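Good morning, and thank you for coming. I would like to take you through one structure, with the sequence and the coordinates on the screen.

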Amino acid sequence: MTSDPGKMSCAEFQAQLPDVIGSGVDANAHPHLKNCELCRALLADLETIAEAARQLFPGVEPPDEVWEHIESAIKKGD
Amino acid sequence: MVDSPSPTQRANGTQKIGVNDSPSTPPAERHVNRATTGSTTAVDPELLSRAQAGDHQAFAQVYSLHKRRIYSLCLRMVGNVAEAEDLTQEAFLQLHRKIATFRGDSAFSTWLHRLAINVVLMQLRKKGLSLISLDEAMEPTADDSPSRSFGAPDLALSGAVDRLVLERAVAELPAGYRLIFILHDVEGFEHNEIAAMLDCSIGNSKSQLHKARLKLRDALRAQSREGARL
C-alpha cells in the first residue's frame with residue numbers, strides 16, 4: 001500500500017472511504033480524487049444517497065389503538 | 001385499576017431539545033430520543049425512575065416520548081403498517097416487563113432501540129427471511145455484498161435521487177444493511193450509538209453502512225439504466 005495519498009490506487013482509496021465519510025474530513029479534498037474521475041463519481045453518488053436519505057420514510061405516529069392494546073395487555077398482566 | 005390518560009396529550013413538558021448524547025455526557029442526561037428532524041428529546045430521569053417503579057402514568061409518558069421513533073423504525077424495517085403496529089406493541093410490552101432492569105449504562109433511547117430492533121429481527125426470522133441474529137445482520141452473505149467497480153467505465157447518478165425510487169431500493173436491501181442505513185442515514189444515530197444498539201464495533205457499523213450505500217448505488221444505477229432503455 002502506498003504512503004502517498006496522491007498515488008493511491010482506487011482500491012486503497014475506496015477502502016478508506018467508510019472511515020473518511022462522516023468523519024468531518026472533506027473527502028472531496030483527498031489527493032486521489034484530483035486525477036480519478038471514477039472515485040469522484042463514486043463519492044458524489046454516496047453523498048447524494050446520504051443526503052437524500054434524510055428525506056426518506058417520514059416519521060409517523062402510531063394510531064391510538066396501539067397504546068390501547070398495550071394498556072389492555074398490561075392490565076391483563078401480559 | 002390502570003389509569004388511561006391519552007399518552008398523546010402527555011408528550012409535552014418533559015422534553016429537552018438539543019441534549020448532546022456523546023459518550024462523555026453524564027448518564028442522567030443521556031436518556032435521549034432524537035426526532036427524525038435531528039433534534040433531540042431527553043426522558044426526564046425522574047420520569048424514568050417512576051416508570052421503573054411501576055407508575056403507569058409515567059410509563060404512558062415514556063411511551064408518548066418514544067412511540068413515534070419506535071413505530072417509524074418498525075415501519076421502515078418491515079414496510080407494513082399492521083405489522084409495524086404489532087411490533088411496536090410488542091416492543092413496548094417488552095419495555096414494560098424490562099424497564100426496571102435499565103441501569104443507565106447506555107442512553108435510554110439506545111437501550112430501547114436495541115430492544116425494539118431485537119423484536120423486529122425476531123419477526124424477520126419468523127418470516128423466514130435470511131436473518132437469524134444481530135451477528136448475521138452485521139455479516140450479510142457474500143451474495144449480498146455490493147459490487148466493486150474499480151477501473152470499470154462508470155455511470156454516476158445524475159443529480160437528485162427520486163425519493164420513491166430510493167425508498168424502494170432501501171426496502172429491497174438485505175435486512176442487516178437496511179437496519180444500519182435506516183439507523184444512521186435516515187434516523188441520524190451516530191456510529192457509537194449504533195454500535196451499542198447492535199453490539200458491534202464502531203468500525204463494523206461504518207463498514208456496513210458504506211456497503212449499504214454501495215448497494216443502493218448499484219440499485220439506483222441499475223434503475224437508471226433500465227429507465228434509459230425504455
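I begin with a term: pLDDT is the predictor's confidence in each residue, from 0 to 100. What we are viewing is a predicted model, in which local features need a pLDDT of at least 70 and side-chain atom pairs count only at pLDDT 80 or more, while totals for chains, interfaces and linings use all residues. Residues are numbered from 1 along each chain as its sequence is written, and chains are lettered from A and ligands numbered from 1 in the order in which they are written.

First, confidence. Chain B averages a pLDDT of 76, and 66% of its residues score at least 70. Helices and strands here are DSSP runs, helices being H or I of at least four residues and strands E of at least two, numbered from the N terminus. Within chain B, strand E1 (residues 32–34) has the lowest confidence, with a mean of 36, whereas H3(B) has the highest, at 97. Please treat residues 1–40 of chain B with caution: the pLDDT there is below 50. For the complex, the predictor gives an ipTM of 0.84 and a pTM of 0.77.

Next, the fold. Chain B has nine helices and two strands, and from the N terminus the elements run β-β-α-α-α-α-α-α-α-α-α. A residue is called buried if 20 or more other C-beta atoms, placed from the backbone, lie within 10 Å of its own, exposed if 12 or fewer do, and partly exposed in between. Of the 230 residues in chain B, 43% are buried.

Let me turn to the interior. A nonpolar core is a set of buried Ala, Val, Leu, Ile, Met, Phe, Trp, Tyr and Cys residues joined through C-beta atoms within 7 Å. The largest such core has 70 residues, and Val62(B) and Phe181(B) are among those with the most contacts inside it. H2(B) gives the most to this core, with 13 residues.

Finally, the interface. Two residues are in contact if their C-beta atoms lie within 7 Å. By that criterion, 38 residues of chain B are in contact with 33 residues of chain A. H2(B) gives the most to the side of chain B that touches chain A, with eight residues.
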